[in-house]
There are 2 protein chains.
Amino acid sequence: MRSEPIGSGARPELLTRIDDLVEELQPRLVEWRRDLHAHPEPSRAEHRTTSRIRGVLESLGLEARSLEVPTGLYADVLPDGSRRVPRIGLRADIDALSLVDQKDVPYRSTHTGVAHACGHDVHTAVLLGAAEVLVRLREQGLLNRGVRLLFQPAEETSPGGALDMVAQGLLGDLREVYALHCDPRTEVGRVAIRTGAITSACDRFQVTFSGPGGHSSRPHLSADLVMAIGAVITEVPTLLSRRIDPRVGASMVWGQVQAGNAPNAIPASGQLSGTLRCLQLEGWQRARDLVPQLIEQVAAPYGVSVQVDRSTGIPPTVNHAAAAGRLAEVCSAVLGPDSLADTEQSLGGEDFSEMVLAVPGALGRLGVRPVGSADWPDLHRPGFDVDEACLGVGVRVLSGLVALRPDPGPRRRSQAA
Amino acid sequence: MRSEPIGSGARPELLTRIDDLVEELQPRLVEWRRDLHAHPEPSRAEHRTTSRIRGVLESLGLEARSLEVPTGLYADVLPDGSRRVPRIGLRADIDALSLVDQKDVPYRSTHTGVAHACGHDVHTAVLLGAAEVLVRLREQGLLNRGVRLLFQPAEETSPGGALDMVAQGLLGDLREVYALHCDPRTEVGRVAIRTGAITSACDRFQVTFSGPGGHSSRPHLSADLVMAIGAVITEVPTLLSRRIDPRVGASMVWGQVQAGNAPNAIPASGQLSGTLRCLQLEGWQRARDLVPQLIEQVAAPYGVSVQVDRSTGIPPTVNHAAAAGRLAEVCSAVLGPDSLADTEQSLGGEDFSEMVLAVPGALGRLGVRPVGSADWPDLHRPGFDVDEACLGVGVRVLSGLVALRPDPGPRRRSQAA
């Protein structure tokens with residue numbers, strides 16, 4: 001990827017135009033976001049969400065295109081008269097989480113047990129807003145780059161929707177790709193940026209234990225299935241700490257365990273599931289291959305058999321240096337130089353990683369915490385919410401990533417063909 | 001307790017009379033047992049069972065007396081003209097287990113999820129049969145001891161029905177107390193006897209874990225509840241092996257574990273339950289007091305809090321030497337000298353232990369395995385069944401324990417007052 005400097009004072013009339021458009025948009029951004037928030041849908045079931053996005057895009061005169069999977073969609077906004085201009089991808093994930101919304105707000109989830117507790121409602125509304133801004137700029141002849149709006153389904157599951165979009169070839173003709181993700185650790189108005197890995201590799205493991213079952217008075221005539229589960233819970237993370245380079249940062253955390261229904265009966269089956277996270281692409285494959293082997297070895301001496309199912313896995317999101325630099329320049333231009341914040345690599349998984357493996361790009365963290373508030377609910381918590389001023393901030397940044405470019409000129413345009 | 005020798009050749013006419021009565025009874029023993037087997041009821045819900053027992057006892061002209069708890073009952077059979085003769089207790093437990101009957105037989109359980117998989121249907125039918133034999137012997141002037149028929153509810157739970165019967169004073173005026181328990185390891189026609197401890201102490205522990213919950217990418221910002229459960233599962237049994245005298249034979253086995261519902265969320269609560277069994281009365285109290293302390297100490301470094309609920313607990317059943325000797329003599333007399341088998345102390349719990357703590361007595365193991373069969377389903381297994389020839393064997397033994405006594409004579413009778 002080639003870095004195109006903006007120049008801090010460049011095109012002030014364009015910045016003002018974007019600001020004006022976003023200010024007009026703000027009530028609709030809130031309306032879109034609250035409508036999505038009140039009607040969250042889990043991964044691969046985002047039917048209403050997809051339909052709403054399609055409605056907004058079509059009202060802008062855009063052609064909303066379906067994916068090869070049932071939910072999600074995409075649309076291109078191209079400068080008039082050209083289908084061959086360099087194209088930039090902007091991605092929003094659209095699915096929600098299976099948890100109970102515990103907020104007491106008018107836009108609280110109306111779908112029991114499903115909640116937008118990871119901010120994908122915000123991501124979607126922001127990308128819809130950017131679509132509108134870019135369409136308006138194009139009407140005024142102010143758009144000199146093409147953009148692909150990627151409304152991705154199923155980020156919260158594995159294999160996720162990013163892989164579907166890559167497999168469909170939607171990244172193949174992009175020069176760059178960007179995404180923003182809500183960040184409750186960063187104040188609204190700021191964007192946190194990092195070069196290199198910003199999220200981590202994540203695999204889900206589901207272990208099924210089987211034994212003969214029996215009575216708790218005769219463990220020697222059975223196989224102590226609960227003890228085998230206990231050993232796997234405690235020993236596999238310990239063994240990983242000695243078999244994998246500590247710099248890989250392998251972290252195995254179990255989230256769910258279930259076996260038996262009486263204190264005095266040894267159960268015949270049980271379930272254990274958890275996640276393995278790694279900081280580095282290097283070492284990740286070795287760690288994820290080692291886990292099933294360690295589980296089998298730990299369970300074997302108890303006479304308990306195991307079946308280990310591993311998810312497809314998500315690599316770390318590694319922000320390309322030039323793309324992260326571009327994102328920082330744009331934030332500085334549209335939000336001011338104080339808007340930039342540093343951020344740590346999280347151990348969370350994010351399948352935008354698949355997109356930046358396909359095309360240079362970067363993920364930024366969009367501040368959503370009200371200015372001055374101390375304890376703000378974290379992502380994936382039942383009370384998660386945002387300061388809705390973040391919506392306009394996000395639209396400014398995504399629009400700027402496309403609009404704040406020097407005119408590529410006729411030579412470059414033919415090059416891009 | 002005073003041992004009254006039978007003398008091997010003593011009272012052959014009485015043995016013949018008992019044999020004749022049992023032979024007549026056999027079809028009804030099978031009928032009673034199959035009716036109970038098809039209508040099993042869990043602990044403290046043995047209403048139909050209690051009603052059926054009452055019906056049989058009243059048809060024999062006995063006064064069936066209710067307990068101070070809703071289910072179970074008892075009745076006395078006394079030699080004519082005396083309410084002060086030495087009295088012997090015979091006990092049957094009447095409740096069933098919460099498991100699915102997987103047998104394909106006409107008398108299979110008709111109550112879904114409840115099954116007589118511990119043979120209490122047999123115990124009950126045998127004691128009803130003994131009641132009839134003893135009533136018939138009394139009619140013929142052949143009964144010179146009183147007997148209390150103890151139909152005990154709720155053996156399979158804790159606190160169990162034996163404690164209720166002791167608390168009600170039903171053991172206070174007994175000289176001795178006996179019980180038989182089905183034993184699939186012993187062939188039908190034989191009875192296995194042991195002096196000293198024959199079952200073990202048993203406590204049930206239920207542990208509730210609590211923590212803040214969180215995301216599996218941030219264990220350091222939460223408390224890893226599943227890891228704490230794993231540590232308790234594996235470490236508490238290990239710690240017991242170093243803190244309790246190995247001769248106590250403390251055995252902690254977990255039967256049930258449950259926490260969380262997603263691989264990537266650290267749960268805020270969880271449950272673990274299991275049993276502690278000990279071979280000896282001595283050391284048992286120390287072990288059962290130590291377990292909650294060890295659980296708290298193991299969970300503490302994870303920042304997870306625990307609440308430990310311990311059941312009332314059942315002591316080991318310690319057979320008194322004289323009573324076990326009496327049981328052996330009677331078996332030898334009514335079944336022949338080859339009928340006696342040795343048996344090991346089991347790690348199972350049996351609340352008849354509370355009765356032999358109150359009154360000298362013994363528990364015998366009634367062979368129920370068909371002669372010559374190798375693999376017979378164990379107690380508490382969904383396919384458990386018996387060779388119904390065991391019913392008559394049990395009636396012979398229980399009847400003999402009361403009937404095969406020398407006449408106490410007028411001096412002893414007044415002594416007993």
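A polar contact is a pair of N or O atoms within 3.5 Å, where, within protein, one atom must be able to donate a hydrogen and the other to accept it, and where residues adjacent in sequence count only if both atoms are side-chain atoms. Across the interface of domain 1 and domain 2 of chain A, 3 residue pairs are in polar contact (both at pLDDT 80 or more). This is a predicted model, in which local features need pLDDT of at least 70 and side-chain atom pairs count only at pLDDT 80 or more, while totals for chains, interfaces and linings use all residues. Residues are numbered from 1 along each chain as its sequence is written, chains are lettered from A and ligands numbered from 1 in the order in which they are written, and side-chain values use heavy atoms, with hydrogens and water left out.

**The two domains of chain A**

- Chain A is divided into domain 1 (12–199 + 317–403) and domain 2 (201–310), with bounds that come from an automatic or database domain assignment, and 37 Å separate the centres of these domains, taken over C-alpha atoms.
- In contact, meaning heavy atoms within 4.5 Å, are 7 residues of domain 1 and 6 residues of domain 2.
- The area buried between the two domains (the accessible area, with a 1.4 Å probe, that two parts lose on being put together, summed over both) is about 600 Å², of which carbon and sulfur atoms give 58%.
- Of the area that domain 1 buries against domain 2, A:Gln345, A:Leu347 and A:Gly349 supply 61%, more than any other three residues.

**The interface of chain A and chain B**

- Between the chains, 46 residues of chain A are in contact with 46 residues of chain B, and the buried area is about 3400 Å², of which carbon and sulfur atoms give 59%.
- A:Val253, A:Val257 and A:Pro263 supply 16% of the area that chain A buries against chain B, more than any other three residues.

**Pairings across the chains**

- The rule finds 2 salt bridges between chain A and chain B, each being a side-chain nitrogen of Lys or Arg within 4 Å of a carboxyl oxygen of Asp or Glu; one of them joins A:Arg218 to B:Asp378 (3.0 Å, N to O).
- S10(A) and strand S10 of chain B (residues 251–259) run antiparallel and are joined by 3 bridges, where strands (E, at least two residues) are DSSP runs numbered from the N terminus and two strands pair if DSSP finds at least two bridges between them.
- Within this pairing, A:Ala259 has B:Val257 as its bridge partner in S10(B).

Technical notes. Helix = DSSP H or I, 4+ residues; strand = E, 2+ residues; numbered from the N terminus.
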